[in-house]
Every structure is written in C-alpha cells, then in structure tokens.
Amino acid sequence: DWKTAYLVNGLGPRNLAIVANEIDAELVHYSTDYVFSGEKDAPYTIYDNPDPISRYGESKALGERFVMSFARKYYLIRTSWVFGDGQVNFVKKVIDWSKGRNELKIVCDEKSSPTYAPDLASATWGLIEQGAYGLYHVTNTPCLRYEWAQFILSNIGWKGNYGFFETTGKRMRSWEEATEEYIAELKTGGLI
C-alpha cells in the first residue's frame, strides 16, 4: 500500500518536524537501510546518497528529507533488522519456523546489521544526552541472514538441517551446463 506508506513515512515525519519546531522540541526519527539500493560492496555511511529501490524505501527517504529540511533539533537514525520485544522480528520468525521442522531454507545473499532494540534505545538516549543533533547509522555488527539464523537455531538447540544452499552459500549450476559438460566428456571418451 504505497499511498499509505507515503502518508505515514513521508508526510508524517514532515508534520512532526513542523510541530517540533513550533513547540521547540527535539525530534527523534527512525529510518531504515531501505533508503539505499543495497548494491554497494561496503557498508553505507551517512555520506552516501539515498537510492531506494522500493516504494517503502522511497517513502522513508522522503520522510528523511522532510525531517532534515523542516526540523531544527533532530536525531535522524537509520537502523536495520530490529529485533526485541514484540511478535514480528526475524529471531521470533526463525524460532517459529523451526518448530516441528527438520529443514529450514534461509537466504544467504542478504547482508545487513541486526539491531537489538534495547541497544538502539540506549544509543538514542546517548545522543539525546549529548544534544548531538544530526544523521546517524545505529546498528549492531553486520552478518548474512543465514548466519544469523544459524546462530539463533544453534542457541535454541535445534537439531534440524539446513539445505545445501543455506549451509554452503553455493548454488548448483544449471542442468543445461551440467549436461553439456557430460556430453563433452562422452565425446572426448569416444562414447558418442
């Protein structure tokens, strides 16, 4: 629902920034790594220009621009893969998926930084205490999604198996390529 996303993630922060200025309040606004394309081979910094590839990312980038344009006293914090209290986060999903299953399929080409909500809150409070207005990236350390899942499952004592791709990070080649190699071997051996 991209229209709602623009209203909530774009216009909502704009309205909060305007009101914060009117009452001389500080504004804390959380954003996301989805404001970037994800194609950079190194971690993103606050100096990288947003380049979202989804409507959600576009709506969050719009909200960021409004906060930076309208608010005088703001903490704009980009974060990712937040987990903690609540029912919707990756840790809880992996634990739920593991129940009654011997195999899980977890992608291994997604890399980001899981962020524990209490750590995010503590870091935010530290910025507020210092009055250090501005744009920040606040996350725990980076990992691949399958590494995180593997760590979660290991810590809960799950005894199931990962699929080949999730375990090794490698994909089998196409059947066409494999068949071509086999036929070439048959030709070389004089079998056809």
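Reply: Let's begin with a pair of residues: the bridge partner of Ser31 in strand 2 is Arg78. Strands here are DSSP runs of E with at least two residues, and helices are runs of H or I with at least four, numbered from the N terminus. Keep in mind that this is a predicted model, where local features need pLDDT of at least 70 and side-chain atom pairs count only at 80 or more, while totals for chains, interfaces and linings use all residues. Residues are numbered from 1 along each chain as its sequence is written, and side-chain values use heavy atoms, leaving out hydrogens and water.

Me: What makes strand 1 and strand 2 a pair?

Reply: Two strands pair if DSSP finds at least two bridges between them. Six bridges join strand 1 to strand 2 (residues 74-79), so the two count as paired. They run parallel.

Me: Why are strand 1 and strand 7 called edge strands?

Reply: The open sheet has three strands in the order 1-2-7, with parallel pairing. Strand 1 (27-32) and strand 7 (134-137) each pair on one side only.

Me: What does helix 4 touch in the sheet?

Reply: Helix 4 (residues 117-130) packs on the sheet and touches strand 1, strand 2 and strand 7. Contact means heavy atoms within 4.5 Å.

Me: How do you know that the buried residues of helix 5 line one face?

Reply: Buried means under 20% relative accessible area, exposed over 50%, and partly exposed in between, using a 1.4 Å probe and protein chains only. In helix 5 (residues 145-155), the buried residues are Arg145, Tyr146, Trp148, Ala149, Ile152 and Leu153. Seen down the helix axis, they fall within an arc of 155 degrees, so they line one face. That arc is taken from the directions from the axis to the C-beta atoms. The face turned away from the buried side carries the exposed residues Phe151, Ser154 and Asn155.

Technical notes:
Axes are lines fitted to C-alpha atoms, for helices over the stretch in contact, and angles run from 0 to 180 degrees between N-to-C directions.
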